[in-house]
Amino acid sequence: MCIRDRVHNEYKFFLDELRSLYRTRCPELLLLFDFQLNSQVVTESMVLNGGQNDPLKNLHSSAYLLRNHNIDRDYRGLSNMGNTCFMNSYLQALYMSSNFRRDLLLNQTSLEDDAWELSLLFRQMLHQKNVSSVKPDCMKPILVRFFGRGLEQQDVDEFGLRYIDHLEVSLNKVGLGTILQDSFYGRRLSQIKCRNQGCDKSKDSDQQQFVHLAVNFKAEVRRFELLQMLQAEFQWTTVNLDCEFCGKKGSEMLKRPKIESWPEKNLIITLGRFRYDEKTGQRVKLSKRVKIPDQFNTRDVQNEPPFYSYQLCAIVVHKGISSEFGHYITLARELKDSKAQDWRRFDDDLVEKLSNITDINLYFAQRESETPYILFYQRIA
């Protein structure tokens with residue numbers, strides 16, 4: 001994508017975002033804003049050519065004032081250190097996974113290295129009531145280690161997986177690896193069953209741990225609802241293999257992935273938003289709407305005990321029409337005594353209380369450019 005095309009897309013994306021802010025906060029000013037655009041008070045050439053009298057500065061200021069109209073002081077945002085919204089959004093989701101945050105802080109005096117740094121950051125976010133945001137300087141060495149010094153926008157899913165692995169090494173050094181294991185790890189395997197008459201034997205293989213449970217957009221799923229997508233991931237499919245039990249060659253076998261054990265405390269689900277397009281040689285974004293349940297029981301996915309119930313506590317959101325650029329934010333809420341609190345919107349250093357949101361699906365229905373990417377569910381009784 002050439003520079004001009006990229007700026008064109010970013011320009012459109014920014015104006016759509018600002019228009020959305022006017023619509024939700026100051027609808028009476030939306031007509032005036034559109035009039036200014038149509039009158040070419042703000043044009044794309046101004047963005048491309050720059051200049052000292054950049055009208056976008058005024059638009060950015062307007063957006064900032066609009067977004068600060070309902071600032072929430074009970075939670076701290078995270079300052080953007082330059083293309084670090086992917087990191088900030090994931091750290092906020094980890095922080096709002098209250099059981100993980102509690103376990104980490106209860107063991108703070110025993111921690112070392114990066115786990116210690118994360119606990120310090122969490123403590124700042126928890127106790128610094130006199131500031132609206134915290135600068136996550138402790139993450140700079142990790143970012144350099146992961147991506148080098150010339151930091152660009154990264155995929156938050158890839159970052160999250162690498163960071164959890166990194167934390168596990170740090171926690172294992174002091175014998176506290178169970179904090180992560182209990183909080184986020186599940187186990188899956190592959191199951192094969194022979195369909196030959198008189199055999200009907202099965203075998204489990206390829207056992208492996210998971211932190212992010214990947215859920216894809218499959219063609220056979222007619223309605224993109226999370227539960228249906230999960231069910232499609234773990235359905236039986238027919239394959240032809242040699243049966244090691246009855247010895248028949250090219251037997252018709254049934255095969256499926258299976259969850260052997262669900263995470264004890266928090267389930268993280270990644271929606272397969274980005275895929276490689278062989279025709280263009282680029283990663284493309286799938287912006288399909290997905291209906292997200294506020295709660296679900298694992299019985300609805302896989303009818304094998306033990307059954308766990310999970311409630312939605314955080315969503316990492318990708319904003320933008322392409323995988324090449326965009327912005328990450330987090331929507332999250334605390335679960336206190338099994339009661340869900342109000343949703344918050346974490347956009348780097350800005351934290352906004354969404355007190356009028358009762359169904360998170362309605363939030364996304366009103367915002368075309370915002371798509372759920374990573375879902376954090378917390379286990380409930």
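**Helix packing, strand pairing and local backbone features**

In helix α8, Ile-142, Leu-143, Arg-145, Phe-146 and Phe-147 meet Phe-159, Arg-162, Tyr-163 and His-166 of helix α9, where contact means heavy atoms within 4.5 Å. By class, this contact of α8 with α9 has six nonpolar, one polar and two charged residues. For this count, Ala, Val, Leu, Ile, Met, Phe, Trp, Tyr, Cys and Pro are nonpolar, Asp, Glu, Lys and Arg are charged, and the others, Gly among them, are polar. The model is predicted, and local features need pLDDT of at least 70, side-chain atom pairs count only at pLDDT 80 or more, and totals for chains, interfaces and linings use all residues. Residues are numbered from 1 along each chain as its sequence is written, and side-chain values use heavy atoms, with hydrogens and water left out.

Two packed helices are described by the angle between their axes and the distance between the axes. The axes of α8 (residues 140–147) and α9 (residues 156–173) come within 12 Å and cross at roughly 115°. Axes are lines fitted to C-alpha atoms, for helices over the stretch in contact, and angles run from 0 to 180 degrees between N-to-C directions. Helices α8 and α9 are therefore roughly perpendicular to each other; angles of 65 to 115 degrees fall in this class, whereas those under 35 count as roughly parallel, those over 145 as roughly antiparallel and the rest as oblique. The crossing of α8 past α9 is right-handed, a crossing being right-handed if the near helix is turned clockwise from the far one by less than a right angle and left-handed if anticlockwise. Helices (H or I, at least four residues) and strands (E, at least two) are DSSP runs, numbered from the N terminus.

Strands of a sheet pair through backbone hydrogen bonds, either parallel or antiparallel. Here, an open sheet of four strands has the order β4-β3-β7-β6, with antiparallel pairing. Its edge strands are β4 (202–210) and β6 (237–241), each of which pairs on one side only. Neighbouring strands of this sheet are turned by 30° against each other on average, direction ignored. Two strands pair if DSSP finds at least two bridges between them. Strands β6 and β7 (residues 251–261) are joined in the antiparallel sense by five bridges, and Thr-237 has Lys-255 in β7 as its bridge partner. Asp-206 counts as exposed because its relative accessibility is 56%; exposed means over 50% relative accessible area, buried under 20% and partly exposed in between (1.4 Å probe, protein chains only).

Two hairpins were also examined. Strands β9 (residues 274–277) and β10 (residues 282–285) pair in the antiparallel sense over four bridges, with Gln-282 of β10 as the bridge partner of Asp-277. Four residues separate the strands of this hairpin, and Gly-281 in the turn has a positive phi of about 70°. Strands β16 (residues 343–347) and β17 run antiparallel and are joined by five bridges. Asp-347 has Leu-350 in β17 as its bridge partner. The hairpin of β16 and β17 has two residues between the strands, and Asp-348 takes a positive phi near 55° there. Asp-348 is not a glycine and counts as buried because its relative accessible area is 11%. Strand β17 (residues 350–354) is mostly covered, with four of its five residues buried.

The loop between β11 (295–297) and β12 (309–319) holds Gln-302. Gln-302 counts as buried because its relative accessibility is 5%. Leaving aside neighbours within four places in sequence, Gln-302 is in contact with Lys-258, Ile-259, Trp-262 and Phe-307. Gln-302 and Leu-230 are 72 residues apart in sequence, and their C-alpha atoms are 9.0 Å apart in space. Pro-306 is also found in the loop between β11 and β12, and the peptide bond from Pro-305 to Pro-306 is cis, with omega near 0°.

Ser-183 is found in helix α10 (residues 178–184). Ser-183 is buried because its relative accessible area is 0%. Apart from neighbours within four places in sequence, Ser-183 is in contact with Phe-100, Asp-103, Thr-178, Lys-265 and Asn-266.
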